[in-house]
Amino acid sequence: MTTVLEQVLDTASRPASRDARDAAVPAWRDSGWRSRPARSDLPTTVPDDVPGVRDAVGSQDVGVAGLADRPERSVAGGDVGVLATMLGSVPVADLSDVALVNAVAAWGQVIAMAQAAQAEVVREIEARTVDALARVPDELACALVCTRRAAQDLFLRAWGAGQHPAVADAWAAGAIDARKVDVILAEAAQVEAGAVRAVVADAVEQAVELTAAQLTRHLRASVIGSDPAAAERRRVTERERRGVFLDLAPDAMARLIAYLPAAEATAAFTVIDALAGHGAPDGDPRTIDQRRADAFADVFTTILDRQATLDGTPLPRKRGRRVSIQVTVAASTLAGVDELPATLGSYGPIPAQVARELAQDATWRRVLTDPAGQVCAVGTTAYRPGADLTRTVIARDVTCTFPGCRQPATRCELDHRIPYDHAHSQARREHDADPQTCLENLHALCKHHHQAKTTGWWQVTWDKNTGISTWTDRHGLTYARHPIPVHTTPTAPIHRPPPPPPPDPGDPPF
């Protein structure tokens, strides 16, 4: 059995004939995941005709398989390093057509192996950390400059693969990628303990030939078939997780995702489809998908405009305020003087024209900003922030103030940066004043990061002059969360007067 890498190296200098191209098979067909554990199937020497590999590896006689004899290097890390070096040393322009396809697959194998090696490191961090699930994803999110959700996915994928050796081995061999690992782990989590090993083993075998979507369908059938009664219990439990989620997209677009039982979701789509109509009215240039989207949105914009549900029930108020969407836009932009982006609450930057359209029927509120674009206002002294102070903190912070967290401030909790001293508050009660609860000592935190700060896993300081929040983790590593300006002052163009025309020399003297 040959590996994808061997296929690439073997065909690197051979032109591919039409017959060879027609007979080409998927690269994975000849590179089953069991090729990694069998050392005889791995390259045992570095080819002479691959420049640079000898220097990188250090010995002509040590190839991928030989790395297993090096105690100072992990096998997974060594394999991926040598494979990447070999592939990177092959001139792409010299590859045959078949070899190019195999090279793409080989690089995919390298990527998967690198992800598996990274997962091994994550598992080691998890093993050294108390309450790792609550703490490690935040640390990884800051180190990788990614969202906590992405870091949590990375953490859970690494941990889950460690629970199933067959998955970990196939992943380390590059036979399955992270997407297929996620599919196997997600579906295997639904299987009763007695059947999980067989289901996972079958999934790993099938994953070589199936796409992630095909593998999902295969696994779901296997899971239901392994224990129908358990599948019904899971259905009842999963129904409790139903919800609606906003997924942001570029260009002032977003996806509203409803996670519903299949029957209710099908019913909702049937109604939307009926409202949109199957046949386009005369002169309507919209596609059926566009008409469905418009019909869906009309239901909710109508409720928002009326401040009442379809049966006339008034919409509940939030923090004593009318339910509404919030748009922050410069007065100069509304007037058409400039085209600065506006900010849509819970979404982010939107083009100026969208803000102008929304402002036509809007209720306006003036917001003052400092030169840096941050909202500024005078704080109150009550322990429970009043409506004015709450509104100012939410407008200023925009989102949770933990680095990388995008939870809108409107859905966050207000926290005292310096913990609130109840004894101090009691001593000043007769004066009805409390300097602890003020704009400078309040910030917005989502429930998770509020808890992480309260339990002492993270420390935070705030620079009043710059608006930067500095978060410090248990290792002493620090991460900055910069303020989010809600308004950007336009830069005035530089107008230079045109140069004066050259002087008229008059008539020549001759």
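Author: What follows is a set of questions and answers about a predicted model.

Reader: How many helices and strands does the chain have, and what percentage of its residues is buried?

Author: The secondary structure comes to 19 helices and 10 strands. The chain holds 510 residues, and the share of them that counts as buried is 36%.

Reader: Which residues does Leu219 contact, leaving aside its neighbours within four places in sequence?

Author: With neighbours within four places in sequence set aside, the residues in contact with Leu219 are Val183, Ile184, Glu187, Val199 and Ala203.

Reader: What separates Asp153 and Arg149 along helix H7?

Author: Asp153 and Arg149 form a salt bridge in which the closest N and O atoms are 3.5 Å apart. Asp153 is partly exposed, with a relative accessible area of 32%, while Arg149 is exposed, with a relative accessible area of 59%. Because the two residues are 4 residues apart in helix H7, the separation is about one helical turn.

Reader: Which parts of the chain are tied together by the salt bridge of Arg239 and Glu264?

Author: The side chains of Arg239 and Glu264 meet at 3.8 Å, N to O. Arg239 is partly exposed at 35% relative accessibility, and Glu264 is also partly exposed, with a relative accessible area of 37%. Arg239 lies in the loop between helix H12 and S1 and Glu264 lies in helix H13, so the parts tied together are that loop and helix H13, 25 residues apart in sequence.

Reader: What kind of aromatic pair do Trp458 and Tyr479 form?

Author: A search of the whole structure finds 4 aromatic pairs. For Trp458 and Tyr479, the centres are 6.2 Å apart and the planes are at 55°. Planes under 30 degrees apart would count as stacked and those over 60 as edge-to-face, so this pair is tilted.

Reader: Are Trp458 and Tyr479 buried or exposed, and which residues make up the cluster that ring pairs link them into?

Author: Trp458 has a relative accessible area of 3% and Tyr479 one of 16%; the limit for buried is under 20%, so both residues are buried. The cluster linked by ring pairs consists of Phe402, Trp458, Trp471 and Tyr479.

Reader: Which element supplies the largest share of the nonpolar surface patch?

Author: The nonpolar patch covers about 530 Å² and is made by Val244, Leu246, Leu248, Leu256, Phe296 and Phe300. Strand S1 and helix H14 each supply at least two residues of the patch. Val244 has its place in strand S1 and, at 55% relative accessibility, counts as exposed. The largest share, 3 residues, comes from S1.

Reader: Where does Ala252 lie, and what is its phi?

Author: Ala252 is found in the loop between S1 and strand S2, and its relative accessible area of 30% makes it partly exposed. Although Ala252 is not a glycine, its phi is positive, at about 60°.

Reader: In which loop is Asp131, and what is its phi?

Author: Asp131 lies in the loop between H5 and H6 and, at 42% relative accessibility, counts as partly exposed. Asp131 is not a glycine, yet its phi is positive, at about 55°.

Conventions: Residues numbered from 1 in each chain as written. Predicted model: local features only at pLDDT ≥ 70, side-chain atom pairs only at ≥ 80, totals over all residues. Heavy atoms only, no water. Patch = residues over 30% accessible without salt bridge, like charges linked within 9 Å, V, L, I, M, F, W, Y side chains within 5 Å. Areas by Shrake-Rupley, 256 points an atom, 1.4 Å probe, with all protein chains shown as cover. Salt bridge = Lys/Arg side-chain N within 4 Å of Asp/Glu carboxyl O. Buried < 20%, exposed > 50% of the residue type's maximum accessible area, 1.4 Å probe, protein only. Contact = heavy atoms within 4.5 Å. Phe/Tyr/Trp six-rings, centres within 6.5 Å; stacked < 30°, edge-to-face > 60°.
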